[in-house]
Amino acid sequence: MTDDVRGLCEPRFAAVRAAFAASLARDDVGASVAVLLDGEPVVDLWGGHADADRSVRWERDTLTAVNSTTKNMTALCALVLADRGLLDLAAPVAAYWPGFAAAGKEGVLVRHVLSHSAGLPSLPGTVSVEDLYDWDRVTARLAALAPAWEPGTAAGYHALTFGYLIGEVVRRVTGRTLGTFFAEEVAGPLGADFHIGLPARHDHRVAPLLPPPALTDEYAATAPPGPDGVPREVTGPVVRVKDVNSAAWRRAQIPAVNGFGNARSVALLHTALANRGTAGGVRLLSARGCEPAWQELFRGEDRVLGTPMCWTAGFGKFGDAFGWGGWGGSLVVSDPGSRLTVAYVMNRMLDGDRQQDDRGTELVTAAFGALY
């Protein structure tokens with residue numbers, strides 16, 4: 001395959017370009033990768049195609065669904081509000097959302113929600129993807145729900161509920177939906193081309209997600225199996241590739257999972273935290289306001305993921321780095337020590353249950369290797 005990599009790459013980071021080109025030749029259909037150092041771009045590459053037939057090129061401004069990589073942006077909104085003194089991460093959620101105190105949740109703190117330790121990983125009664133589009137109904141059900149464990153004592157990945165819980169707190173504090181607050185107060189000031197609730201005018205730029213090889217668009221997100229090989233029970237709708245590619249999904253606000261962007265925008269937003277509050281010369285929050293992104297709140301076995309995890313205020317922590325990825329392969333990782341951020345966004349999904357997906361981690365390794 002001809003090298004189809006386009007964009008910027010400083011010579012120091014040539015290994016990132018090489019790894020990206022190899023990924024395009026091996027597994028990817030279309031993708032982008034970005035690396036920012038000290039809040040400035042040192043790698044901004046894209047290549048491949050936006051469609052399964054490989055008839056439409058992946059362009060500089062191509063967008064695609066990043067699934068749970070969206071959680072990074074939702075958490076960033078909470079940290080911005082906390083930095084402004086409008087949200088206390090140690091306060092009860094019910095201080096901002098009084099009805100949430102029902103069913104024994106008066107002790108659930110904002111930081112419990114951010115660290116997946118609130119005990120609300122499921123959405124019982126929400127049986128179809130269409131149910132996810134009704135914000136008031138979903139949040140009312142969450143407010144009435146009893147926690148599955150004593151908040152703060154255990155963690156279980158809040159795959160869908162994370163966005164509704166944080167989003168409703170943001171709405172109560174600001175009077176704006178999370179998608180609107182994010183657009184006006186986070187993405188807008190930074191000039192980041194990332195959207196939670198994608199306006200129709202951007203549809204022509206969207207590369208649809210492509211299911212893993214040999215699978216169809218009925219391919220669905222599921223909870224990983226436990227140690228005994230039995231899938232873990234997390235109640236809620238089954239989200240398929242065909243759902244993520246629908247216009248209804250693009251218009252909705254599901255702040256845990258339905259963000260649209262590219263590696264450039266994902267890295268730009270995330271680097272504000274790694275770079276002590278600034279990105280591209282714009283200050284989004286204070287240096288101190290960034291620290292909850294990498295300060296450990298929970299460490300132990302995640303009851304849903306079935307693996308040891310360290311959770312901070314909205315992010316997974318991996319050694320000195322923090323970030324998170326999305327179903328199918330996208331990810332973003334930042335290291336506050338080196339002020340390095342790496343993001344990878346693609347349209348070809350890989351099935352993590354059937355094959356090892358090293359695309360993103362290989363790019364991260366190459367980027368960090370350039371520093372030493």
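Is Trp324 buried or exposed? With a relative accessible area of 14%, Trp324 is buried, since the cut-off for buried is under 20%. Keep in mind that this is a predicted model.

The structure holds 10 aromatic pairs. Here are two of them:

| Pair | Ring centres apart | Angle between planes | Class |
|---|---|---|---|
| Trp311 and Trp324 | 4.9 Å | 55° | tilted |
| Phe315 and Phe322 | 5.4 Å | 80° | edge-to-face |

The tryptophan pair links distant parts of the chain: Trp311 sits in strand S10 (residues 308-311) and Trp324 in strand S12 (residues 321-325), 13 residues apart. As for the phenylalanine pair, the planes of Phe315 and Phe322 stand at 80°, so they count as edge-to-face. Phe315 is buried, with 0% relative accessibility, and Phe322 is buried with a relative accessible area of 0%.

Another ring, Phe100, has a charge for a neighbour: Lys105 lies over its face, at 4.8 Å from the ring centre.

Helix H6 (178-190) and strand S5 (195-196) each supply at least two lining residues, with H6 giving the largest share, five residues. By class, that lining is made up of seven nonpolar, five polar and one charged residues.

Technical notes. Residues numbered from 1 in each chain as written. Predicted model: local features only at pLDDT ≥ 70, side-chain atom pairs only at ≥ 80, totals over all residues. Heavy atoms only, no water. Helix = DSSP H or I, 4+ residues; strand = E, 2+ residues; numbered from the N terminus. Nonpolar A, V, L, I, M, F, W, Y, C, P; charged D, E, K, R; others polar. Phe/Tyr/Trp six-rings, centres within 6.5 Å; stacked < 30°, edge-to-face > 60°. Buried < 20%, exposed > 50% of the residue type's maximum accessible area, 1.4 Å probe, protein only. Lys NZ or Arg CZ within 6 Å of the ring centre and 35° of its normal.
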